[in-house]
Amino acid sequence: MKIPSCQLYLISPLDVGGDFPEQLKSALEAGAVAAFQFRVKDVAPDEAALLAEPLKAICDAHDVAFIVNDDVALAKCLGADGVHLGQGDGSLKDARAELGDQIQIGITCHDSRHLAMEAGEGGANYVAFGAFFATQTKETHHQPEVDVLQWWSNIMEIPCVAIGGITPENCQPLIDAGADFLAVSGSVWKDPKGPAHAVKRFADILSVN
């Protein structure tokens with residue numbers, strides 16, 4: 001089966017308890033998802049690990065990369081496939097020294113070409129630009145132009161992730177501009193017909209690009 005040139009990068013809601021593992025499983029079974037980011041806040045490390053372990057098992061079973069947001073120690077503890085670092089979450093150099101070369105490290109670059117070049121030259125495995133659209137998932141202060149994706153894809157082979165308020169209705173310009181991954185959260189988990197329905201809508205769009 002042909003892999004779309006752009007794939008989905010799912011980001012968890014803050015609440016991953018209850019029936020969320022079943023929601024995640026149904027989303028991954030709908031296709032087109034390459035990575036899942038575990039993102040919880042204000043949770044003790046032991047509790048975070050307990051919440052993450054079954055979700056990582058689901059990702060492993062579906063050959064989806066399991067990425068930990070912000071927490072290098074948790075990523076190492078879980079044997080995660082990667083860690084995503086914001087600009088205030090410690091240095092790329094320190095994370096690489098702690099995790100080694102086999103773990104993917106992604107860096108938030110907001111709307112900054114300078115930060116993206118620093119990350120790429122520093123050994124990041126991907127860079128993330130956003131928020132491209134209004135989002136309720138997290139507070140944002142940066143809104144890049146879509147052409148930053150085209151600029152990046154023309155000069156660098158390191159993948160770029162587009163993030164922020166992305167829906168099936170507004171994603172096409174990001175795909176056309178060269179995004180390798182669409183980071184999505186609310187548009188999937190809050191879909192009234194369920195996450196599998198939302199992922200399938202994205203998958204249908206990505207499969208023809």
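Visitor: What should I know before I start?

Guide: This is a predicted model, where local features need pLDDT of at least 70, side-chain atom pairs count only at pLDDT 80 or more, and totals for chains, interfaces and linings use all residues. Residues are numbered from 1 along each chain as its sequence is written, and side-chain values use heavy atoms, with hydrogens and water left out.

Visitor: How do I read a nonpolar core, and which residues have the most contacts inside the largest one?

Guide: A nonpolar core is a set of buried Ala, Val, Leu, Ile, Met, Phe, Trp, Tyr and Cys residues joined through side-chain atoms within 4.5 Å. Buried means under 20% relative accessible area, exposed over 50%, and partly exposed in between (1.4 Å probe, protein chains only). Here the largest core has 64 residues, and Phe36 and Leu182 have the most contacts inside it. Helix α2 (residues 45–61) gives the most to this core: six residues.

Visitor: How are helices and strands assigned?

Guide: They are DSSP runs, numbered from the N terminus: helices are H or I, at least four residues, and strands are E, at least two.

Visitor: Is His84 buried or exposed?

Guide: His84 is buried, with a relative accessible area of 7%. Look for His84 in strand β4 (residues 82–85).

Visitor: With which side chain does the side chain of His84 make a polar contact?

Guide: A polar contact is a pair of N or O atoms within 3.5 Å; within protein, one must be able to donate a hydrogen and the other to accept it, and residues adjacent in sequence count only if both atoms are side-chain atoms. The partner of His84 is the side chain of Thr108, at 2.7 Å.

Visitor: How do I read two packed helices?

Guide: Use the angle between their axes and the distance between the axes. Axes are lines fitted to C-alpha atoms, for helices over the stretch in contact, and angles run from 0 to 180 degrees between N-to-C directions. Helix α1 (residues 20–29) and helix α9 (residues 195–206) pack at about 25°, with axes 8 Å apart. They are therefore roughly parallel (under 35 degrees; over 145 is roughly antiparallel, 65 to 115 roughly perpendicular, the rest oblique).

Visitor: What about α1 and α2?

Guide: Their angle is about 15°, and their axes are 10 Å apart. That makes α1 roughly parallel to α2. Residues of α1, including Phe20 and Leu24, meet Leu55, Ile58 and Cys59 in α2.

Methods:
Contact = heavy atoms within 4.5 Å.
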